[in-house]
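Biologist: I would like to learn how to read charged pairs and surface patches in a model. Could you take me through them one at a time?

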Amino acid sequence: METPAERDENLAQLIKRIRDTYNVSESEIARRIGVAPATVNSWTLGKRGGKRGPNPDKLRGLAREFPKFTEAEIFAAARREAPGPLDDEAEKRLVSLFRGLTEEQQRAKLIEMSALNEANKQ
């Protein structure tokens, strides 16, 4: 079976496959992921969706609402790197580690993590 990378699929093509696979409209896709229909329409027209491209949370929403399409596949079509997985145990471990930091260290980590997150959006 051909992978999205082999297909070199863009987000507009992926949205069309979602529509065809699930027999849904752009408006229904928008409603299910919490964006305006104009946003999905702009993706189908090949517009990036702002300076940095589509919001990662909305891309994750596509994967959640249309599970025949993986996060990796969706992020690749949007020309973005997919965020790493974060299961419940990893999240608990991060919170535990964060709680062990001083207030100053917590502020520094928040700044660092915000900067990394912003860099990943570009």
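Modeller: Let's begin in helix 8 (residues 103-121) of this predicted model. Lys109 and Glu112 are three residues apart there, so about one helical turn separates them. Their side chains meet in a salt bridge, with 2.5 Å from N to O.

Biologist: What does the relative accessibility of Lys109 make it: buried, partly exposed or exposed?

Modeller: The general idea is that buried means under 20% relative accessible area and exposed means over 50%, with partly exposed in between. Lys109 has 36%, so this residue counts as partly exposed. Glu112 has 37% and is partly exposed too.

Biologist: Is Glu9 buried or exposed?

Modeller: Use the cut-off again: a residue under 20% is called buried. Glu9 has 3% relative accessibility, so it counts as buried. Glu73, at 12%, is buried as well. Arg17 has a relative accessible area of 26%, so that residue is partly exposed.

Biologist: How many salt bridges does the structure hold?

Modeller: It holds 12. Among them are the Lys109 and Glu112 pair and the Arg17 and Glu73 pair.

Biologist: Now for the surface. Which residues make the nonpolar surface patch?

Modeller: For a patch, the idea is to look for residues with over 30% relative accessible area and no salt bridge, and nonpolar side chains are joined within 5 Å. Here Leu86, Leu94 and Leu97 make a nonpolar patch of about 290 Å².

Biologist: In which helix can I find Leu97?

Modeller: Look in helix 7 (residues 88-99). The relative accessibility of Leu97 is 44%, so this leucine counts as partly exposed.

Methods
Residues numbered from 1 in each chain as written. Predicted model: local features only at pLDDT ≥ 70, side-chain atom pairs only at ≥ 80, totals over all residues. Heavy atoms only, no water. Salt bridge = Lys/Arg side-chain N within 4 Å of Asp/Glu carboxyl O. Buried < 20%, exposed > 50% of the residue type's maximum accessible area, 1.4 Å probe, protein only. Helix = DSSP H or I, 4+ residues; strand = E, 2+ residues; numbered from the N terminus. Patch = residues over 30% accessible without salt bridge, like charges linked within 9 Å, V, L, I, M, F, W, Y side chains within 5 Å. Areas by Shrake-Rupley, 256 points an atom, 1.4 Å probe, with all protein chains shown as cover.
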